[in-house]
Amino acid sequence: MVERFRPASRTAADGIGEVLRAIVGPDHVRLATDADAVAGVVPLVVAEPADERQTASVLRCANQAGLAVIPAGGGTKLEWGNPPRQADVILSMRRQNQILEHAWADLTVTVQAGCTIAELQRALAQHGQRLAIDPLWPERATVGGMLATNDSGALRLGFGSLRDLIIGVTLALADGTVASSGGKVVKNVAGYDLPKLATGSLGTLGVITRAVFRLHPLPRRTLTLTAELGNPAAMQRAILSILGAQLALSAIQVRQATAVDLLLEGTEDGIAAQQSALMKIAAFSESSHSVWNARQSVCADGNGTLVKFSVLPSRIATAFESLAKLGGDGAVIPATGIGYARVEGDLAGLRKAIEQDGGSLAILGRRDLDAWGSAGDALPLMRAVKQQFDPKSTLNPQRFVGGI
């Protein structure tokens, strides 16, 4: 069931197609169809600006006309978040897909928001480098969408979050202003930290047009190890022992409550030394690198509702127990505590259990339930930031925490 648009917005939107064609060109504006729906709401038009100037102009026109804009990249996570209060213009970043500068000697890259993660990684690999992330659906997911949803994957353990890897960003704001912050060097302490603020904001503060990242060398060798620990309690003890062993592991994840996967990267001798230390903790054996696709398999279409949750690393076993009681299936939880599962049971009960244990839970793809849960004491500050950047709620209205 889809909704075309609110009657109150239709009058304001009647002439937007003609205006947008004058900005981005007649071949890059089209009427929206049901396939363009955002959480069940179909906008009026889809516009594809070619650069930051056109992006800013589209936003300025929409903001002045009282139209709502939904930024989009590869469309892999457009169902995440609450349904928009209003959706008139899909602003697609697909034409802005270039790698602008790869300063390989400085281990940095500047890339447009519409570039896919896979294409970026292929280009970086030609110089033996990578952006140390493993987000969902990299062949379709774009840089801007990855940043907006803060999707960095299991490699977060070894290399940090996206907020650690991003060092510069450019945003097109709702009033047509283009704002930049950060730089092209790994150490940058001057100015307002716009890169970290934009990361995870779900496109509610501005449209990300380009980003600058710090890079890492490709590893000489990789090895995946897996151990079946038998029960959640044994798994939890092993995870805490590994985390406390001061080993330089790139990733750790837990599947089906008892299987622990480890990713080792580096030189032959370095990996051998780490493997020897790990064997003192549990009976790890070499396994296929395909186990790292488990998170993507859970997030693909399947039974139940997809949830994303965060728990303390010391409470991973408890999270699996809560999921088992309430119908959770096929959960994957990296050692950072940010996991995914499909749930057919009591979502409200699961959220309550995880929040009471110090975590949080987002319900992804359900239009009848609040996606985010409690924002706690941070909500007034988040609303103040939204008011500063987008006072008319032009961008993704009502999609984020607390109806932001």
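## Salt bridges

A salt bridge is taken here as a side-chain nitrogen of Lys or Arg within 4 Å of a carboxyl oxygen of Asp or Glu. By this criterion, Asp-261 and Arg-255 form a salt bridge in this predicted model, the closest N and O atoms being 2.5 Å apart. Both Asp-261 and Arg-255 are buried. A search of the whole structure returns 15 salt bridges. Side chains of opposite charge can pair when their charged atoms come close.

Another of these pairs joins Glu-79 to Arg-367, with an N to O distance of 3.6 Å. Glu-79 belongs to the loop between S3 and S4, and Arg-367 to the loop between strand S19 (360-364) and H14, so the pair ties together parts that are 288 residues apart in sequence. Glu-79 is partly exposed, at 30% relative accessibility, and Arg-367 is also partly exposed, with a relative accessible area of 45%.

A salt bridge also connects Asp-370 and Arg-351, with the closest N and O atoms 4.0 Å apart. Because Asp-370 lies in the loop between S19 and H14 and Arg-351 in helix H13 (residues 347-356), this pair ties together parts that are 19 residues apart in sequence. Asp-370 is partly exposed, with a relative accessible area of 36%, whereas Arg-351 counts as buried at 11% relative accessibility.

## Lys-77 and its surroundings

Lys-77 is located in the loop between S3 and S4. With a relative accessible area of 8%, Lys-77 counts as buried, because the cut-off for that class is under 20%. A network of salt bridges links Lys-77 with Asp-151 and Arg-295.

Leaving out residues up to four places away in sequence, Lys-77 touches Leu-136, Trp-137, Ala-141, Thr-149 and Asp-151.

## The four-stranded sheet

An open sheet of 4 strands runs in the order S1-S2-S4-S3, with mixed pairing. Its edge strands are strand S1 (29-31) and S3, each of which pairs on one side only. From one strand to the next, the twist averages 25°.

Strand S3 (residues 69-72) is joined to strand S4 (residues 89-92) by 4 bridges, and the two strands run parallel. Across this pairing, Ile-70 stands opposite Ile-90 in S4, and Pro-71 stands opposite Leu-91 in S4. In a regular strand the side chains alternate between the two faces of the sheet. In S3, Val-69 and Pro-71 point one way while Ile-70 and Ala-72 point the other way, and all of these residues are buried.

In helix H2 (residues 16-24), the buried residues are Ile-16, Gly-17, Leu-20, Ile-23 and Val-24. Around the helix axis they cover an arc of only 120°, which puts them on the same side of H2. The face turned away from this buried side carries the exposed residues Glu-18 and Ala-22. Gly-25 follows H2 and has a positive phi, near 100°.

Helix H14 (residues 379-389) has Leu-379, Val-385, Lys-386 and Phe-389 as buried residues. Viewed down the axis of H14, they fall within an arc of 120°, so they line one face of the helix. Pro-380, Leu-381 and Gln-388 are exposed on the other side of H14. The cover over the buried residues of H14 includes helix H8 (194-198). An α-helix has 3.6 residues a turn, so residues three or four places apart point the same way.

## Nonpolar cores

The largest nonpolar core has 49 residues, of which Leu-20, Leu-120, Leu-131, Val-143, Met-146, Leu-147 and Phe-213 touch the most other members. Apart from this core lies another of 38 residues, including Val-307, Phe-309, Ala-335 and Val-343. In soluble globular proteins, nonpolar side chains tend to be buried together.

Leu-20, listed among those core residues, is also one of the buried residues of H2.

Conventions:
Residues are numbered from 1 along each chain as its sequence is written. This is a predicted model: local features need pLDDT of at least 70, side-chain atom pairs count only at pLDDT 80 or more; totals for chains, interfaces and linings use all residues. Side-chain values use heavy atoms; hydrogens and water are left out. Buried means under 20% relative accessible area, exposed over 50%, partly exposed in between (1.4 Å probe, protein chains only). The arc is that of the directions from the helix axis to the C-beta atoms. Contact means heavy atoms within 4.5 Å. Two strands pair if DSSP finds at least two bridges between them. A nonpolar core is a set of buried Ala, Val, Leu, Ile, Met, Phe, Trp, Tyr and Cys residues joined through side-chain atoms within 4.5 Å. Axes are lines fitted to C-alpha atoms, for helices over the stretch in contact, and angles run from 0 to 180 degrees between N-to-C directions.
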